[in-house]
Amino acid sequence: MARYKFDWTDGTPKRVELTAEELTAREAEEKIWNDESADRKLEQIKKIRLQKLQETDYLALEDIIMTQAMKDYRQGMRDIPQDNTTEEQYDLILARDADKNLTHAIWSKP
């Protein structure tokens, strides 16, 4: 199946078939992108995890007694990368409902 690019050399877009060299380069770029998918998802998980931990950091102050449930929640947040190592697990952790809310139980605060 042919693949195309847009050529704008005369100021208007024209659909042009990729050459063999361009197709090879494009497929190599797509392979790299796909191979790095799990890494991108893990980075997204780590950003969400950091936000969730920051939301509960005030509970770790000396003058506040943290419940065991909250300690377990925070430890669970820190353990996400070591306990979840596959892209399929990352997909489950990043799942969202129709309102764009995270649905995995790991994100639920006690």
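1. By salt bridge I mean a side-chain nitrogen of Lys or Arg within 4 Å of a carboxyl oxygen of Asp or Glu. Both residues belong to helix H1 and sit four residues apart, about one turn of the helix. Helices here are DSSP runs of H or I with at least four residues, strands are runs of E with at least two, and both are numbered from the N terminus. As background, side chains of opposite charge can pair when their charged atoms come close.

2. Before going on, a word about what you're looking at. This is a predicted model, in which local features need pLDDT of at least 70 and side-chain atom pairs count only at pLDDT 80 or more, while totals for chains, interfaces and linings use all residues. Residues are numbered from 1 along each chain as its sequence is written, and side-chain values use heavy atoms, with hydrogens and water left out.

3. How many salt bridges does a search of the whole structure find? The search finds ten. One of them joins lysine 14 to aspartate 10, with the closest N and O atoms 2.1 Å apart. Lysine 14 is partly exposed, with a relative accessible area of 41%, and aspartate 10 is partly exposed too, at 47%. For these words, buried means under 20% relative accessible area, exposed means over 50%, and partly exposed is in between (1.4 Å probe, protein chains only). There's also a network of salt bridges to look for: it links Arg3, Arg26, Glu29 and Glu30.

4. Now find the salt bridge between aspartate 57 and arginine 74, at 3.2 Å from N to O. Aspartate 57 is in the loop between H2 and H3 and arginine 74 is in helix H3, so this pair ties together parts that are 17 residues apart in sequence. Leaving aside neighbours within four places in sequence, arginine 74 is in contact (heavy atoms within 4.5 Å) with Leu53, Thr56, Asp57, Ala60 and Met66.

5. Rings are worth a check as well. The charged end of arginine 15 sits over the ring of tyrosine 4, 3.8 Å from its centre. Likewise, the charged end of arginine 40 sits over the ring of tryptophan 33, 3.4 Å from its centre. "Over" has a set meaning: NZ of Lys or CZ of Arg is within 6 Å of the ring centre and within 35 degrees of the ring normal. What you won't find is an aromatic pair, as the structure holds zero of them. Such a pair would need rings of Phe, Tyr or Trp (its six-membered ring) with centres within 6.5 Å; planes under 30 degrees apart count as stacked, over 60 as edge-to-face and the rest as tilted.

6. Turn to leucine 18, in the loop between strand E2 (14-17) and helix H1 (20-35). Leucine 18 is buried, with a relative accessible area of 17%. Leucine 18 and lysine 5 are 13 residues apart in sequence, yet 6.3 Å apart in space, C-alpha to C-alpha. Setting aside its neighbours within four places in sequence, leucine 18 touches Arg3, Tyr4, Lys5, Leu23 and Arg26.

7. On the surface, Tyr58, Leu61 and Ile64 make up a nonpolar patch with about 280 Å² of accessible area together. Isoleucine 64 is found in the loop between helix H2 (37-56) and helix H3 (68-83), and counts as partly exposed at 30% relative accessibility. Patches are made of residues with over 30% relative accessible area and no salt bridge; like charges are joined within 9 Å, and nonpolar side chains (Val, Leu, Ile, Met, Phe, Trp, Tyr) within 5 Å. The areas come from the Shrake-Rupley method with a 1.4 Å probe, and for residues only the protein chains shown count as cover.

8. Last, the later part of the chain. Asparagine 84 lies in the loop between H3 and H4 and is buried, at 14% relative accessible area. Apart from neighbours within four places in sequence, asparagine 84 is in contact with Gln89, Tyr90 and Ile93. Lysine 100 lies in the segment after helix H4 (87-93) and counts as exposed at 61% relative accessibility. Have a look at its backbone: lysine 100 has a positive phi of about 70° although it is not a glycine.
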